[in-house]
Amino acid sequence: MKIPGLVISTAILSVFLNSCEKKSENQTGELKLWYQKPAAIWEEALPVGNGRLGGMVFGNPVNERIQLNEESLWAGSKINNNNKDALKILPYLQKALFAGRYKDALKLANDNFLGTPPEIRSYQPLGDLYIDYKWDGEPKGYKRELDLNTGIASTFFTVNGSSFRQDVIASSPDNIIIIHIKSSGEGLINASFKLSREKDALVKAIDNSTLQMRGQIIDSDDPKSGPGGEHMRFAAEMRISADGATNSEGGILQVTNAKEITLHLTAATDYNINLLDYDRSIEPAEVCKDILNKTEKIPFSVLLKNHLNEYQKIFNRVSLAFGTDSLASVPVDERLAKIKGGGEDNGLIALYFQYGRYLLMCSSRFPAKLPANLQGIWNKDMKAPWNSDFHTNINLQMNYWPAEVCNLSETAVPLISFIEKLTVPGAVTAKEMYGTKGWVFHHLTDPFGRTGVADGVWGITPMDGSWMTFPVYEHYLFTGDTAFLRNEAYPLMKGSAQFVLGFLVESPQGYLVTNPSHSPENNFRDLKTGEVSALTYAATTDIEVVNALLDNCIVASGILGTDREFADSLRSVKKRLPTVKINSKGVIQEWIDDYEETEPGHRHMSHLLGLYPLDQFTPATPELFKAAEATIERRLSFGGGHTGWSRAWIVSLYARLQNGEKAYQNLSALLGKSTLPNLFDTHPPFQIDGNFGGTAGIAEMLIQSHGGIIRLLPAIPLRWKEGNVKGLCARGGFKIDMKWNNGKLSEAKVLSEKGTKSSLIYNGITQIISLKAGESKIYRF
């Protein structure tokens, strides 16, 4: 099938192809992950994504594989998993915890609080696209790359003197994945194309240039995860255009004697986020057909232009360099190996920073409806690790740490929308399990809106919903959008605060406390009884979360001039909360009492939320600030930071302590110990939160903004002697560019988008920002 406009002569495509042809080495400063051999395993493949559709490109010049995902393709179904016995047992559980009867509390919690059912099902892959090339010689001169400047994954090679190039583009504006294959010499392309899925789907050729996949997830009955049945429906469609002959045979498309081939691929499910459920009025195959009907006759040059205009407008907002990248001509896997061997590579750190921004764009921008999950949108397994779920006791929060500061504010929109939807079942959970107003959810959820307790007693974390309000409020703090605060953020925050007010109970010491409470996934030993427990009351992380939530509501109420009585009630409650304590070891006490740690090197450091991402431990609270540093040192001395996301968190924690050397050491450890060949983070296995946490950590080393103060280069290590960064954001609606030489800031350009007053601090020197909205100024130090 030939489509008008396939033979391309437009200026934009000519410039693009000429500039991106295979080169013997990368030019200095290019933002490319490049390799000299195809991916042998999934963790070496290169990711593309448009927010909704994802692909992992292996780059094999003979037997190519592109593994595919669609963000909403999940097993399972909508279930109210609230344990109906929880509310009547709650007073007994609270009493047992106050009395230190942990065995009794554990039994009560296991029998009466775990979800019914207690588990969710997994995010699943869409399938795979296989391209089998038929060459009359051996491919040579091989190279593959992911160009972050264009968002395109490309493969280059030659056969018998002719050059070939394959580009894979996940287009947001056109809502498709494009595969473009082109010969630049006399050689012709002969290839077959096949879509496949492990189960629950059928693929057929509609005609000589179209493949269609139709499927429906069939779940088996499982008492742990819910009833089986015919659940989510899905479809995919791929259309090929070529200047050669096309035909189909046995569900496989074949192209012969072509100089140029273009594939358009899309997918859909019958998921409806407004229902948090599948919607049988949606026909996935018809959705796919409608999308491809719109793009079918658009020339590749126009599709490419659409993609680049949208992608680069977002990605190019921020740049970062630490001088000249002298190792840009070395493949990324070799550069990473040198870091794993103890070497240094500032250029790779800058690339890693931008890669994190790229991954967030690819997994959480329009047309995405769901936030980035534990693996972003990239998953090859029918039963993914941790189901690739939305884990809300650090992981989902960490996914969005770079969103605002790294100038990707729109990527927070799917997250905020999803949380708003969760407040509906969350209100049912608050009422049925705790007898309160407002809304709540616990340590994980899925697209069907599970808000009851999942997995085990470690899932009894009622403050996780409150914790998830922080990125919502951050969106306001960075943008200054009062309409958003009034219509979206504040109502959501108020609902969480209403839950907190109803959930707090008086402790034997006279405090208002959370009970039950849990420091995420960690246990302690009560030396008085010798008992080990996960459950307690008023874990330190809860104290920090409740304080921050109530503070945010009070400030927002003042800004909006509303709910003064409600704000006053929050002030009264704050006076009765327990304080954060420093224990006998000189560290931040993790629980309400000075219990013994059963795992002092635990991966979670939730009692340090007050240091980062919150701003409760600062130089203005010197004892807590010092104890926070001692807490990190103690965790590390017992083997902490052994997972990728945990190490990434430590980077930001040290950055907040303004300790650039320790932040750099842990950033190097993140790359050296917890990074896969394609620069994905590994827990192990792959988890994307460490990528986002690492990017946020680098940003935190460069800029911090709290309480009307913007700190420039607060944690710059000696190894970053020179550099420049453009486009980072600060709270209050500021965009910051900086240059530094010999470890000293030379100038900072500040753009004020809201006309907010603030202060700049660098190396103990303060300058006042007093700019009108839209005005910028260069500050020198």
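I take buried as under 20% relative accessible area, exposed as over 50%, and partly exposed as in between, with a 1.4 Å probe and protein chains only. I am working on a predicted model, in which local features need pLDDT of at least 70 and side-chain atom pairs count only at pLDDT 80 or more, while totals for chains, interfaces and linings use all residues. I number residues from 1 along each chain as its sequence is written, and my side-chain values use heavy atoms, with hydrogens and water left out.

**Entry 1: T158**

I looked up T158 and found a relative accessible area of 25%, so I logged T158 as partly exposed. T158 sits in strand β7, residues 152–159. For such elements I use DSSP runs numbered from the N terminus: helices are H or I with at least four residues, strands are E with at least two. Next I listed contacts, meaning heavy atoms within 4.5 Å. Leaving aside neighbours within four places in sequence, T158 is in contact with E138, P139, K140, G141 and S163. I also took the C-alpha to C-alpha distance from T158 to S225: 51 Å in space, for 67 residues in sequence.

**Entry 2: the whole chain**

I counted 19 helices and 36 strands in the protein chain. The radius of gyration is 27 Å, close to the 28 Å that the globule rule gives for 781 residues, so I noted the chain as being as compact as a globular protein of that length. That radius is taken over C-alpha atoms, and the rule is 2.2 Å times the number of residues to the power 0.38. Along the principal axes, the C-alpha atoms fill a box of roughly 85 × 65 × 50 Å. I found that 62% of the 781 residues count as buried. Of the contacts between residues at least 6 apart in sequence, 69% join residues at least 24 apart.

**Entry 3: aromatic rings**

I searched for ring pairs and got 32 aromatic pairs in the structure. The rings are those of Phe, Tyr and Trp (its six-membered ring), and they pair if their centres lie within 6.5 Å; planes under 30 degrees apart count as stacked, over 60 as edge-to-face and the rest as tilted. W42 and F680 make a tilted pair, 5.9 Å centre to centre with 45° between the planes. W42 lies in the loop between β1 (32–35) and β2 (46–49), and F680 in the loop between α18 (660–673) and α19 (689–702), so this pair ties together parts that are 638 residues apart in sequence. W42 is buried at a relative accessible area of 5%, and F680 is buried at 0%. I then looked at F157 and F164, which form a stacked pair at 5.9 Å centre to centre and 20° between the planes. Both of these residues, F157 and F164, are buried. Ring pairs also link W42, W378, F680 and F686 into a cluster.

I count a charge as over a ring if NZ of Lys or CZ of Arg is within 6 Å of the ring centre and within 35 degrees of the ring normal. R144 lies over the face of Y35, at 4.4 Å from the ring centre. R357 lies over the face of F315, at 5.2 Å from the ring centre. F315 is one of the buried residues of α5, which include F300, L304, H307, E310 and Y311. Helix α5 (residues 300–315) has 16 residues and spans 22 Å from first C-alpha to last, close to the 22 Å expected at 1.5 Å a residue. I take the expected span as 1.5 Å times one less than the number of residues.

**Entry 4: salt bridges**

My search of the whole structure found 40 salt bridges, each being a side-chain nitrogen of Lys or Arg within 4 Å of a carboxyl oxygen of Asp or Glu. K574 bridges to D551, with the closest N and O atoms 3.1 Å apart. K574 lies in helix α15 (residues 564–574) and D551 in helix α14 (residues 540–560), so the bridge ties together parts that are 23 residues apart in sequence. K574 is partly exposed at 23% relative accessible area, and D551 is partly exposed at 32%. D568 and R571 meet in a salt bridge at 2.8 Å, N to O. D568 and R571 are 3 residues apart in helix α15, so about one helical turn separates them. I also noted a network of salt bridges linking E30, K32, K143 and E145.
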